[in-house]
Amino acid sequence: MIRAAIPVADYRTFGAVASRTLLLRAGLAVALLGTLTAAFLLSRDTSRASALLPSGTSPVVVLDLSWSTSSDYRRIGRTIADLASSDRRIGLVVFSDVPYEMFPPGTQSRELRPLLRFFAGPQQRRARSPWASSLSGGTRISAALDLAREILHRDGVTNGSVVLVSDLGDSPNDRTELSAAVVTYLREGIPLRVVGIHPTPEDVGFFTRLLGSRPLQPRADGGAAATGSSTHDDLQIGLLVAAAVFLVLLALNEHFCAGLRWSREAFR
C-alpha cells in the first residue's frame, strides 16, 4: 500500500521540534537503560546478601585467621571487602587458638576497610599484620563462638546472629567444646550461620551433623562472599522503586514522543 505524502508549506518550522523530540527520546532511552541496570544490580545483591549476613539481625562475624587459612588469604580479603561494602552494622571477632574482639556489634561496616591491606600483596605484608604473632597457630572454633555469644549478651543485642567464616579445620581436642558451644546457640535461639572456605568433606560432615537442620553455607568455588548491604525487605523496596521509575519513564516516552497523528475530522 502506497501512502501519499501531504505537502506542507512551512515544514522547516518543525525542525526545532524534531530536534527536541530526538534529544528527549535519547535522554529517556539512557534513563531507561540506567533503571534496568539498577534493577539488575539490586537483584544480584539479593543473592549476595543471603550468602553470608542474615537479614533482620545484628550480626557478629567470626573470622578464622589460623595458619591453616593462610593459603586462602585472598579469599578472606574478598570476604572482608564484601563486608566492608555491605553498609551494615556488624561486629567482628578474629581467632586462631585464641579469639579477639576486633570490632564490637553495631560498628559501621566501612570501618573494616583498613584491614584489607593485610590480605593483599606479598606474604611478608601478611607476616607484619597485628595478629600474625598471636593468631596464627592452631584452631579453637569453640572459644571464638563462645566469645561472640558473650559479646551479644554483654551489649544487650536481642536480635543478634553469628556468622562463622572458616576452613572448619578445628583442633581434634576442641570437638567436645565446639559441640557444647553449638548446643548453647541452639538452646538460646541465636542464629548461627557457617560459611566454609575450602573445607574438607570430613569437616563439612561434622558441622552438618552438629548443626542439624541449620544448613551449611559453602560456595561452589570454596570461598565465602558477603553481601550487599540491604536486608531482604530493603531489596524488595528497591526493586519496586526501580520498576515504578521504569514505568514512569515509559509513560513519559509515550506522552512526549508519540508519532504525529492526523484527524480526518479536521477536514470536514
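**Ground rules**

I am working on a predicted model, where local features need pLDDT of at least 70, side-chain atom pairs count only at pLDDT 80 or more, and totals for chains, interfaces and linings use all residues. Residues are numbered from 1 along each chain as its sequence is written, and side-chain values use heavy atoms, with hydrogens and water left out.

**Entry: helix 6**

I went to helix 6 (residues 201–211); helices here are DSSP runs of H or I with at least four residues, strands are runs of E with at least two, and both are numbered from the N terminus. Which residues of helix 6 are buried? I found Asp203, Phe206, Phe207, Leu210 and Leu211, with buried meaning under 20% relative accessible area, exposed over 50% and partly exposed in between (1.4 Å probe, protein chains only). These residues cover an arc of only 120° around the axis, so they sit on the same side of helix 6; the arc is taken from the directions from the helix axis to the C-beta atoms.

I then checked what that buried side packs against, and noted helix 4, strand 4, helix 5 and strand 5 (192–196), contact being heavy atoms within 4.5 Å. The face turned away from the buried side carries Pro201, Glu202 and Arg209, which are exposed. After helix 6 comes Gly212, with a positive phi near 65°.

**Entry: the two Phe rings**

I looked for aromatic pairs and got one in the structure. Phe206 and Phe207 form it, edge-to-face, at 5.7 Å centre to centre with 85° between the planes. For the record, rings of Phe, Tyr and Trp (its six-membered ring) pair if their centres lie within 6.5 Å; planes under 30 degrees apart are stacked, over 60 edge-to-face, and the rest tilted. Both Phe206 and Phe207 are buried.

What lies over the face of Phe206? I found Arg175 there, at 4.0 Å from the ring centre. The test is NZ of Lys or CZ of Arg within 6 Å of the ring centre and within 35 degrees of the ring normal.

**Entry: salt bridges**

How many salt bridges does a search of the whole structure find? I noted five, each a side-chain nitrogen of Lys or Arg within 4 Å of a carboxyl oxygen of Asp or Glu.

Arg175 is in helix 5 and Asp203 in helix 6, 28 residues apart, and the pair links distant parts of the chain. Arg175 is partly exposed at 23% relative accessible area, whereas Asp203 counts as buried at 12%.

Arg154 lies in helix 4 (residues 141–154) and Glu101 in strand 3 (residues 99–108), so the pair ties together parts 53 residues apart in sequence. Glu101 is partly exposed, at 23% relative accessibility.

Arg140 and Asp174 make another bridge, at 3.8 Å, N to O. Arg140 sits in the loop between helix 3 (123–127) and helix 4, and Asp174 in the loop between strand 4 (160–166) and helix 5 (175–188), 34 residues apart. Arg140 is partly exposed at 36%, but Asp174 is buried at 2%.

**Entry: strand 5**

Is strand 5 enclosed or open? Five of its five residues are buried, so strand 5 is largely enclosed by the rest of the structure. Leu192, Val194 and Gly196 point one way, and Arg193 and Val195 the other. In a regular strand the side chains alternate between the two faces of the sheet.

Strand 4 and strand 5 pair in the parallel sense over five bridges; pairing takes at least two DSSP bridges between the strands. Arg193 is the bridge partner of Val163.

**Entry: positive phi**

Most residues other than glycine have a negative phi. I noted Asp87, with a positive phi of about 60°, in the loop between helix 2 (73–84) and strand 2 (89–95). Asp87 is exposed at 56% relative accessible area.

Leu168 also has a positive phi, near 70°, in the loop between strand 4 and helix 5. Leu168 is buried, at 0% relative accessibility.
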